Amino acid sequence: MFFAVYLPVTLLVVLFFACLPGLRQYLRRWQLSQKFQGPPPWPILGNAYLFFGCRPEDVFNIIKSIMIKYGDTIKFWFGLEFTLYMANTKDLEAILGTTNWLVKSYEYRFLDNWLCEGLLLSKPTKWFKRRKILTPAFHFKILEQFIESFDKNSRVLVTNMNEAAQHDGMLNMGQWTNLTTLDIICESAMGVSVNAQTNADSEYVRAVKTIAMVLHKRMFDIIYRFNLTYRLTKLAREEKKALAVLHGFTEKVIIQRREELLKAQQQTEDQSTNADADVGSKRKMAFLDILLQSEIDGKPLSNLDIREEVDTFMFEGHDTTSSAITFCFYNLALNPECQRKCFEEVIQVLGKDKSKPVTFEDLNNLHYVELCIKETLRLFPSVPLLGRKITEECEINGKIIPAGTNIGISPLQLGRMEELFPEPNVFKPERFEAGFSSEKVSPYAYIPFSAGPRNCIGQKFAMLEIKTVLANVLRHYEVDYAGNKDEEPLLIAELILRTKDPLMFKIKPRVY
């Protein structure tokens with residue numbers, strides 16, 4: 001009888017004290033949140049009601065209207081999760097410009113199953129060590145080796161564009177650039193080609209598409225946002241199958257290359273050269289090789305460690321670059337004079353022989369093309385939303401921010417702010433001609449590759465790749481937008497920026 005009466009009470013007391021630290025932290029967040037402006041939250045749901053029934057393409061407009069009403073720092077509650085959405089460049093510098101706040105925010109967890117603890121998602125301690133060993137992989141001498149792959153695969157794109165245009169008169173640029181960047185990043189990260197452009201229905205390509213679809217649904221459908229309910233869905237089973245393909249492919253390449261490196265160490269220099277030649281034709285494996293030959297705390301990286309980083313390269317170097325290339329063509333198609341200048345520069349640098357391979361030196365001389373890329377990334381940053389987690393209570397420019405706060409930062413919103421960029425909706429590549437002056441524009445106003453210590457490690461790689469694709473397409477075709485030129489396409493607020501409807505183009509062969 002004693003136990004029957006007191007055991008439940010004891011369990012409730014234990015449960016109460018176990019939850020007490022979390023309750024205290026929540027109450028502290030709630031108390032400090034009253035200092036910030038934002039739409040009033042509902043009980044339990046918080047501000048999630050603002051997005052009930054809204055379409056993905058409405059999200060940015062909703063946030064923009066809230067910022068107009070409440071200012072450049074606004075608060076949101078999503079259940080018990082507290083988020084500050086910031087667009088003040090001084091605040092952004094305090095957050096992104098130091099090593100204090102390197103933990104990624106809540107939304108990134110949707111990538112956990114694929115990328116695990118790779119460079120994008122890893123906690124600060126692991127991130128510091130991984131970043132240190134990966135930085136040499138992006139030295140210009142190594143990047144120069146990949147230009148051949150950029151050139152080869154962008155020429156396949158040129159061929160596919162012509163065939164697609166002849167078939168129905170128009171082409172879905174995003175579809176083709178997506179396959180091109182997938183081929184490029186596979187060769188660059190792992191040294192193998194999946195031939196996505198010539199075999200778009202392969203198991204690997206289908207798996208990549210499945211993961212992209214999973215990320216989209218998990219961001220916008222309440223059923224899929226929470227792991228407890230997500231695990232029970234058909235989508236979770238589809239993700240598991242796709243991950244088996246992606247992880248299995250990466251692991252197979254890692255094991256094969258590790259074995260080859262071990263054999264090479266036991267052979268003469270000539271035999272080593274032959275062993276490397278057997279890996280594949282002119283295989284570029286700098287990223288994978290650096291990981292295989294690196295040590296952390298005196299120990300080599302495990303296959304899982306390496307897979308995390310290779311898969312991270314695959315994610316960060318695929319859809320992001322495809323998005324940038326597609327929006328570049330969109331801007332050049334809408335601005336014929338800018339397209340003409342790009343074409344003239346390409347011909348001036350590369351000459352009129354369309355078969356001439358693009359070189360590293362050529363790409364560095366495409367100055368106006370680079371301005372157009374930078375202006376495109378201001379208007380259409382490939383990653384439209386960045387996130388950080390405030391892990392302990394702090395003060396930033398007079399604002400006391402509670403521990404556990406998610407910080408939302410939108411390069412897309414920043415790039416469209418009149419006070420930062422005059423005529424923000426006008427495509428003006430020349431605005432980047434003189435670079436940024438710290439006295440006029442904060443370097444934290446333009447952050448398509450993020451900023452500070454945890455900026456994008458592959459931004460030089462991406463710029464070279466985008467330039468190569470633009471140069472090879474523009475030397476062959478004049479590009480025209482087939483959609484409504486008077487109305488900007490509806491943008492989808494995902495991890496990677498895309499449009500609600502595909503961007504369709506017409507192309508005209510250049511004769512010169």
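# Salt bridges, surface patches and loops in a predicted model

Glu 344 and Arg 340 are joined by a salt bridge, with 2.5 Å between the closest N and O atoms. The structure described here is a predicted model. Both Glu 344 and Arg 340 belong to helix H17, which covers residues 336–350. They are four residues apart, about one turn of the helix. Glu 344 has a relative accessibility of 41% and counts as partly exposed. Arg 340, at 35%, also counts as partly exposed.

## Other salt bridges

How many salt bridges does the count come to? The count comes to 30 salt bridges. Among them is the contact between the side chains of Arg 206 and Asp 201, with an N to O distance of 3.8 Å. Arg 206 is partly exposed, at 41% relative accessibility. Asp 201 has 54% relative accessibility, and because the limit for exposed is over 50%, Asp 201 counts as exposed.

Another salt bridge links Lys 500 to Asp 501, where the closest N and O atoms are 3.8 Å apart. Lys 500 has a relative accessible area of 37%, which makes Lys 500 partly exposed. Asp 501 is partly exposed as well, with a relative accessibility of 47%.

| Pair | N to O distance | Accessibility of each residue |
| Glu 344 and Arg 340 | 2.5 Å | Glu 344 41%, Arg 340 35% |
| Arg 206 and Asp 201 | 3.8 Å | Arg 206 41%, Asp 201 54% |
| Lys 500 and Asp 501 | 3.8 Å | Lys 500 37%, Asp 501 47% |

Salt bridges can also be linked together. Which residues form such a network? Arg 130, Asp 305, Glu 308 and Glu 309 are linked in a network of salt bridges.

A patch of positive charge lies on the surface, where Lys 217, Lys 234, Arg 237 and Lys 241 gather. Which helix gives the largest share of the positive patch? Helix H12, made of residues 234–265, supplies three residues, the largest share. Arg 237 is located in helix H12.

Ile 44 is placed in the loop between helix H1, residues 2–33, and helix H2, residues 59–70.

Is Ile 44 buried or exposed? With a relative accessibility of 77%, Ile 44 counts as exposed, because exposed means over 50%.

Asn 195 is not a glycine either, and Asn 195 has a positive phi of about 50°. Where does Asn 195 lie? Asn 195 lies in the loop that runs between helix H8, residues 173–190, and helix H9, residues 203–220. Asn 195 has a relative accessible area of 41% and is partly exposed.

## Buried residues and contacts across the sequence

Gly 191 is also placed in the loop between H8 and H9. At 9% relative accessibility, Gly 191 counts as buried, because buried means under 20%. Gly 191 and Val 253 are 62 residues apart along the chain, and their C-alpha atoms are separated by 8.6 Å.

Gln 413 is found in helix H20, which spans residues 411–415. Gln 413 counts as buried, with a relative accessibility of 12%. How far apart in space are Gln 413 and Pro 384? The C-alpha to C-alpha distance between Gln 413 and Pro 384 is 8.1 Å, while in sequence the two residues are 29 residues apart.

## Cysteines

A disulfide is a covalent bond between the sulfur atoms of two cysteines. How many disulfides are found in the whole structure? A search of the whole structure gives zero disulfides. Cys 54 has a relative accessibility of 24% and is partly exposed. Cys 394 has a relative accessible area of 13%, and because this is under 20%, Cys 394 is buried.

Definitions and conventions: Residues are numbered from 1 along each chain as its sequence is written. This is a predicted model: local features need pLDDT of at least 70, side-chain atom pairs count only at pLDDT 80 or more; totals for chains, interfaces and linings use all residues. Side-chain values use heavy atoms; hydrogens and water are left out. A disulfide is a pair of cysteine sulfur atoms within 2.5 Å. Buried means under 20% relative accessible area, exposed over 50%, partly exposed in between (1.4 Å probe, protein chains only). Patches are made of residues with over 30% relative accessible area and no salt bridge: like charges are joined within 9 Å, nonpolar side chains (Val, Leu, Ile, Met, Phe, Trp, Tyr) within 5 Å. Accessible areas come from the Shrake-Rupley method with a 1.4 Å probe; for residues, only the protein chains shown count as cover. A salt bridge is a side-chain nitrogen of Lys or Arg within 4 Å of a carboxyl oxygen of Asp or Glu. Lys and Arg count as positive and Asp and Glu as negative; His and the chain ends are not counted. The place of a charge is taken as NZ of Lys, CZ of Arg, CG of Asp or CD of Glu. Helices (H or I, at least four residues) and strands (E, at least two) are DSSP runs, numbered from the N terminus.
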